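Today I open my notebook on charged side chains. Let me look at who pairs with whom.

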Amino acid sequence: MLLHPEEPHEPGPIWSGPTPKPKLTETQAVKKGKFVDRKTFRFVDLLFGLVVAHHISSRTPRNQWEPTPTVTQRLSAPYIKEGQDIVDIRLETDVDPELDAIDEGVEQIRVNVETLEKGPGDVTSPETNKPFSAAEGVSRAKQDADQIERDRAAGARIHERVPKWLRIVGHLMPFIELLGLLSFASFELNVPLLAPWVNLLTWSLCVVIVVVICIALKVSVDRAATHHNQARESELYGQNHEAEASRKHRLGWGIAAGLIALVITVCLLERAVVALTAARPLAALTLVALAVIAGIACPVVAFAATAFDGSKVRREHDVLVEQLDDDRDEWDDHIASIEEETAQLLQTAGGITTRIFPSIRVEAEAKANEARPVFNFLRLQLGLPEGDAPAGGTRLLWGHAGKARSGSISNGLPGSDEISLQGLIDRWLHVESKRGELKALLDRVAQLPPHPWDKSRPDQ
């Protein structure tokens, strides 16, 4: 049988009989059910007339009345269009959002890699307010650790820090004292703290006096404690002049703090005596407790939290270690995030190329091949023997470096248009490009020098 003759035929005699009729009527074709529906039958019937008219005018031998390429193209057009729509729509809905996510992920990973390539962040010594690079900070922390160990070996104890809870409480003492004195003013002196508009002058005067007293006490206690801490360290290292100067400052600020604390204590105890005289024992007891807390406990605790909190070397060492630990954690988190996000993006890219692209191709091929039964029915109507056109499929045009340059899907029918896969090829090349970028970024991460800080060795 000849589905699409390769050699021109010899002209046959001029057709002189009646115009040939289709082999099956609409009722027969639809009733049998294995051919076509009514809509398709009428479409094929129109094409049948075109084929017959062409071959009669061309004097084609009757046994070679194959559908012409023009008719085949018209027959396949609806299926090719639907197949092309499948490709275009699925690329937009199934592939493009994934590609957008890959693009954004690659850019974010590139930002993280560039951040790492700038090196670890700087650290700052709280004692000198001097910034150090990470490597300098590691060296400085090691020097401090060595100094601490040497002093400990010599029996020095000034590097021992007070408990963390004491440092926290020491910082809270001024606020506790402020709260206590404001409560005293409110409940004992009847100052309307929560309603300043009742007596604005009294309220303002009370608040200003209390705040000024608390600030003055805090500053004097902090200065005295700081100079005491410095004097201890200067004495250890034989810096006699510095130690003497610190002791003098400690004395001056200590006297100021003591006087302020004494005034607070005396005033509160005086009010306690008044309350006791007025037969208010509970109020008197409360005022005595407040005098002990605000006038004695708060200054003493605040002083101890700073005065005996290790040494300048130890505090610098601890802060540098904490900053280096945080920077190392951030460094490791960046690398872990890059590796994890890269793995996820590569998995997404793999899903596009191994699952979505093949699914689109199979669906589009199936739609294009729906024209083949219609083509075969047209041949049946023309009275030709049963046969099938060569199978179609996906065709790719390969370029350099083994990459597809273009492609299409064919249903194998002579003269039929094809479904373009250019959009799919472009996206496939884009996916491969992003894969290459991700692998290059991973290579850049692998070439980074290690972070200078080793958290497993806090003594470094």
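I count helices as DSSP runs of H or I with at least four residues, numbered from the N terminus. My model is predicted, so I ask pLDDT of at least 70 for local features and 80 or more for side-chain atom pairs, while totals for chains, interfaces and linings use all residues. I number residues from 1 along each chain as its sequence is written, and my side-chain values use heavy atoms, leaving out hydrogens and water.

Entry 1: I looked up salt bridges (a side-chain nitrogen of Lys or Arg within 4 Å of a carboxyl oxygen of Asp or Glu). By this rule I get 26 of them. Glu 149 pairs with Arg 152, with the closest N and O atoms 3.3 Å apart. Both sit in helix α4 (residues 134–153), 3 residues apart, about one turn of the helix.

Entry 2: Which residue meets Asp 309 in a salt bridge? I found Arg 167, at 3.8 Å from N to O. Asp 309 lies in the loop between α8 (281–307) and α9 and Arg 167 in helix α5 (residues 164–187), so this pair ties together parts 142 residues apart in sequence. Is Asp 309 buried or exposed? Asp 309 is buried, at 6% relative accessible area, whereas Arg 167 is partly exposed at 23%. For me, buried means under 20%, exposed over 50% and partly exposed in between (1.4 Å probe, protein chains only).

**Entry 3: another pair, then a network.** Asp 332 and Arg 328 form a salt bridge at 3.1 Å, N to O. They are 4 residues apart in helix α9, about one helical turn. I also noted that salt bridges with shared partners join Asp 103, Glu 107, Arg 110, Lys 434 and Glu 437 into one network.

Notes
Helix = DSSP H or I, 4+ residues; strand = E, 2+ residues; numbered from the N terminus.
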